[in-house]
Structures are given as structure tokens and as C-alpha cells.
Amino acid sequence: MRCEDIASNPDFRHLSTVPHLAVDLRYAGVDNFVGRDLYGALDCAWLHHLAAAGLERAVALLAREAPGHRLLVLDALRPHRVQIQLWDHLAGTDLRQYVADPARGSIHSFGMALDATLIDPQGRELDMGSGFDEMTERSHPRLEAEHLATGELTPAQHRNRELLRNALCESGFQGIDNEWWHFEMLDREHVRARFVRVE
């Protein structure tokens, strides 16, 4: 299915239908690791309805746990054609661990993954200890205990990550080892086999 046709597909839900959610899709501008707008005229503010329902639960949970704070979605549906551009941009580097191989398919391209952070009641992004798409070990959740011990990650930064993780993971998502911002739903192989990839 092409991204241009997604609005007519009942399996997908627009992010604008999730109340109290903030959205700033970083690949729809130049504030990303490629340094250019990768979405152009494409509307990529969509998720599969299962992921959108989970996101709605996470928004409600966060409102209870940290009143005034909001989830900020940095990426959601990522068409396969854009995934190829990200992969190609990192050719010849050791940074491809941060981008799913298009040959297998990114879970973003099925609308079952999102990238997110948190904003405070004043609309400022919380300090997570590293930036979105910062391709360093400081971004790795699996190394947080080590980074806390060395002071590379502060307790406040870690609490912010935990707040984000708890809201999403208690709402049906799971995180990954090397990106604090990435969350996906269901088993990857199940998604690749049973869901429709958006081209």
C-alpha cells in the first residue's frame, strides 16, 4: 500500500485523533540526522489502529502519573521508501544498528512503531541524556545502569526515560536495547508476516 492511499484504509488512524498528544515529526523537516526533509508532501502522522489505541492509553496513563506532561511523537508511520533513504545514508558506517534493514522491513513502515519523548507543562522537551536519533551508546537503555554509575547519565535524566518507558510499556509497547525513544507493538516477525507495509 502506498502512503498516499493511507487515508482511505480503515486499519490506520491519524495522530490528530489522539487527544492531548503533541506531534513533531522530525523527518518532515531538517531537524534529523540526514539533515533534510524526507517526507515532503507525504502525511506520515499515522499509526495502525492497534498502535494508536496503545498510544491513547499511554497518553491517559501519563496524565495520571505526571499531570501536565505530554507525549511528543517524533516519528510514527515511516514509508518503506524513506526507510531505504535512511539505510543508504548510513552506508559504509558502523551506525546501521540504529536503522532497520529495508530488506527485512522497519516496524515503522507497518505503522506499529513510534519514536517519542516527553514535554513538560511549559512545552519543553525533558532531558533524556541524549538527543533523538543520537547514535551513541548514551542512547542505549541496556547501558543505563553503567551510565548512571559513571555519571554519564544523571538520575533525573534516567527518571525522565523511565517515565516515558512506563507510560508506553504499560500500554502495550516494548522498547529496544539501543534507542530510548523507540517503541513498537507485537512481535516483529508477526508484524512483518501479517500486517501491510506502507510503501
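The lining of the largest pocket divides into ten nonpolar, six polar and ten charged residues; Ala, Val, Leu, Ile, Met, Phe, Trp, Tyr, Cys and Pro count as nonpolar, Asp, Glu, Lys and Arg as charged, and the others, Gly among them, as polar. This is a predicted model, in which local features need pLDDT of at least 70 and side-chain atom pairs pLDDT 80 or more, while totals for chains, interfaces and linings use all residues. Residues are numbered from 1 along each chain, and side-chain values use heavy atoms, without hydrogens and water.

The pocket holds about 330 Å³ of space, and among its 26 lining residues Tyr-98, Val-99, Ala-100, Ile-176 and Glu-179 lie nearest the centre. The elements below each give two or more residues to this lining.

| Element | Residues |
|---|---|
| α2 | 80-89 |
| β7 | 182-185 |
| α5 | 188-194 |

Elsewhere, the axes of helix α1 (residues 49-65) and helix α4 (residues 155-169) come within 8 Å and cross at roughly 130 degrees. In their contact (heavy atoms within 4.5 Å), residues including Leu-55 and Leu-61 of α1 meet Leu-163, Ala-167 and Leu-168 of α4.

How values were computed
Axes fitted to C-alpha atoms, helices over the stretch in contact; angles between N-to-C directions. Helix = DSSP H or I, 4+ residues; strand = E, 2+ residues; numbered from the N terminus. 1 Å grid on protein atoms, 1.4 Å probe; cavity = no way out; pocket = protein on both sides within 12 Å on 5 of 7 lines; lining within 4 Å. Points joined across faces, edges and corners; volume = space filled by probe spheres on them.
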